[in-house]
Amino acid sequence: MNAMLSHKFNEYNNLYVNGYYSRDRFNFNAEEKYAYQNANASVKWRHIFSPRLTSVYTAGYDHYDYNTIYTENTASAYNLSFEIDQFYAKADFVWYANDKHTIDFGINTLYYDLNPGTYLPEGEESIVMPDYMQKEKAAESAIYIGDCWDITPQFSINAGIRYSMFNVLGPRTFNAYAEGNLPSLTTITDTIQATSGSFKTYHGPEFRLSARYEFADDFSIKAGYNTMRQNIHKLSNTTIMSPTDTWKLSDANIKPQTGSQVAVGLYKNLLGNTMEASIEGYYKNMKNYLDYRSNAELIMNHHIETDVISTEGRAYGVEFMLKKALGKLNGWVSYTYSRTELRQNDSGLYDPVNGGDWYPSDYDKPHEVKLVGNYKFTHRFSFSLNCDYSTGRPITLPVSKYHYAGGEFVYYSDRNQYRIPDFFRMDASFNIEPSHHLTLLIHSSISIGVYNLTGRKNAYSVYYTSEDGRLKGYKLAIFGMPIPYISYNIKF
């Protein structure tokens with residue numbers, strides 16, 4: 001369910017209310033059930049003080065949770081859940097100082113309330129011991145200011161600074177580890193009980209600088225540089241298809257992620273400004289990205305800092321795009337070459353992943369092609385076609401078996417050395433737009449289409465099972481057939 005309400009009180013005040021709720025449930029069989037839900041709500045008030053000063057005040061709430069139930073073995077049947085809530089408020093201002101300077105500034109705050117996991121027995125016959133992860137809470141606040149400076153009609157600069165502060169809140173229990181050593185169960189020196197209030201603070205500035213130069217009315221260049229800080233980390237088990245990704249707040253043992261990015265692009269209008277062509281390139285570096293160590297346990301881990309490691313990352317690429325915005329036939333086509341790589345180069349790590357060399361991250365997809373086309377038969381009737389191709393994501397595979405000390409073990413490849421099959425999907429739809437009668441109270445639109453028109457069984461992952469003493473691999477496809485749909489929208 002998705003709803004929006006806007007109301008204009010007068011020329012100086014506008015109110016916007018948004019709400020969203022979704023719940024998904026699915027299962028591979030009767031013994032494995034998955035559910036997850038999203039919800040958010042926000043209220044935004046836009047106020048115009050004067051022709052030179054405007055403001056927007058926003059308050060909102062976000063929620064996400066998932067639930068996994070396993071009952072194949074009644075003795076080990078369990079119910080696993082995760083939950084995160086966010087409350088936020090912000091005030092943003094734009095001041096048109098003069099015809100050359102536009103100043104934007106503001107303040108915002110965000111409160112995190114995270115339940116990292118609850119593990120309970122499912123059914124009366126289950127002997128699973130209940131397990132509860134301790135809650136994590138934190139407050140993130142920031143102030144910012146920026147200036148868009150039109151130096152000449154052809155040349156403009158946009159510069160800004162944002163200062164953020166992240167307070168880790170109690171009550172919490174956390175481990176202290178021997179200085180100069182990576183966190184591990186053997187280097188714990190103390191267990192500390194933090195009371196209510198802030199017991200750890202991270203803060204620092206974020207900078208942004210961009211420039212645009214217009215050589216002619218139809219040809220320009222843009223370049224930018226920015227730094228960034230991120231205080232929440234995603235922990236993902238990518239070998240299975242389930243919504244069991246969890247998030248971890250920075251704390252006394254895990255630092256926020258930091259990074260910087262530089263980008264440059266060329267933009268050119270063609271054929272009498274009916275076509276837009278662009279080429280953009282970027283390079284990004286990351287520090288304190290969380291990747292897991294070998295044999296890591298990510299779910300219901302009460303000391304996750306002992307199984308993850310701060311990892312160096314880099315991402316770079318180039319994108320070509322050709323876009324036609326006008327005419328009965330419009331749309332765009334793009335090709336992107338991009339790489340995202342990681343490296344564990346901490347000198348204190350005895351056995352870094354892939355020997356300390358760069359390796360593809362889970363999101364590394366070197367080649368991606370997108371095609372979006374729309375043909376308007378009339379003002380009300382149109383046909384849309386979307387095509388998406390990308391390189392298969394990286395994966396770590398078992399490559400052999402070996403026997404040691406009377407046991408049989410599986411030997412895995414270097415991390416993310418292989419890839420699942422390439423991805424391709426085509427969607428098509430026929431659209432009926434609203435009537436142009438302005439006096440009607442309600443305007444409606446309808447889309448009738450097919451998702452995955454070709455019925456391609458795109459592999460989400462590859463998994464292995466032991467069958468009759470042999471290790472067999474299978475590709476797991478979630479939507480392996482065409483899926484028709486009807487979408488009906490009402491606007492009043």
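How many nonpolar, polar and charged residues are there in the lining of the second largest pocket? In this predicted model, that lining has 9 nonpolar, 5 polar and 6 charged residues.

## The second largest pocket

The space in the second largest pocket comes to about 480 Å³. Its lining is made up of 20 residues, and those closest to the centre of the pocket are Lys365, Phe423, Asn458, Ala459 and Tyr460.

Several strands take part in this lining: at least two residues each come from strand S20 (381–390), strand S25 (423–432) and strand S27 (459–467).

## The chain as a whole

The chain has 29 strands and 0 helices, and its C-alpha trace spans about 75 × 50 × 45 Å along the principal axes. Of the 492 residues in the chain, 35% are buried.

## Cavities

Searching the whole structure gives 2 cavities of 30 Å³ or more, and the volume of the largest cavity is about 170 Å³. This largest cavity is lined by 16 residues, of which Tyr289, Leu290, Asp291, Tyr292 and Asp362 are the closest to its centre. By class, the lining of the largest cavity holds 9 nonpolar, 3 polar and 4 charged residues.

Strand S12 (232–235) and strand S15 (275–292) each contribute at least two residues to the lining of the largest cavity, and S15 gives the most, with 4 residues. Tyr292, one of the residues closest to the centre of this cavity, also has the charged end of Arg415 over its ring, at 4.1 Å from the ring centre.

## Aromatic pairs and a charge over a ring

The whole structure contains 24 aromatic pairs. One of them joins Tyr70 and Tyr78, whose ring centres are 5.5 Å apart and whose planes meet at 25°, so this pair is stacked. Another stacked pair is that of Tyr402 and Phe409, with 5.7 Å from centre to centre and 25° between the planes. Both members of the Tyr402 and Phe409 pair can also be described by their accessibility: Tyr402 has a relative accessible area of 38% and is therefore partly exposed, while Phe409, with a relative accessibility of 37%, counts as partly exposed too.

Elsewhere, Trp45, Tyr57, Phe93 and Phe105 form one aromatic cluster. A charge over a ring is found at Trp358 as well, where Arg314 lies over the face of the ring at 4.0 Å from the ring centre.

Is Ala39 buried or exposed? Ala39, which lies in strand S3 (residues 32–50), has a relative accessibility of 18%, and because buried means under 20% relative accessible area, Ala39 counts as buried.

Leaving aside residues up to four places away in sequence, Ala39 touches Tyr20, Tyr21, Tyr61, Asp62 and His63. Ala39 can also be placed relative to Leu266: the two are 227 residues apart in sequence, and 39 Å separate them in space, C-alpha to C-alpha.

Methods: Residues are numbered from 1 along each chain as its sequence is written. This is a predicted model: local features need pLDDT of at least 70, side-chain atom pairs count only at pLDDT 80 or more; totals for chains, interfaces and linings use all residues. Side-chain values use heavy atoms; hydrogens and water are left out. On a 1 Å grid over the protein atoms alone, a cavity is a set of points where a 1.4 Å probe fits but cannot get out, and a pocket is an open set with protein on both sides within 12 Å along at least five of seven lines; lining residues have an atom within 4 Å of a point. Grid points are joined across faces, edges and corners, and a volume is the space filled by probe spheres set on the points. Ala, Val, Leu, Ile, Met, Phe, Trp, Tyr, Cys and Pro count as nonpolar, Asp, Glu, Lys and Arg as charged, and the others, Gly among them, as polar. Rings of Phe, Tyr and Trp (its six-membered ring) pair if their centres lie within 6.5 Å; planes under 30 degrees apart count as stacked, over 60 as edge-to-face and the rest as tilted. Buried means under 20% relative accessible area, exposed over 50%, partly exposed in between (1.4 Å probe, protein chains only). A charge sits over a ring if NZ of Lys or CZ of Arg is within 6 Å of the ring centre and within 35 degrees of the ring normal. Contact means heavy atoms within 4.5 Å.
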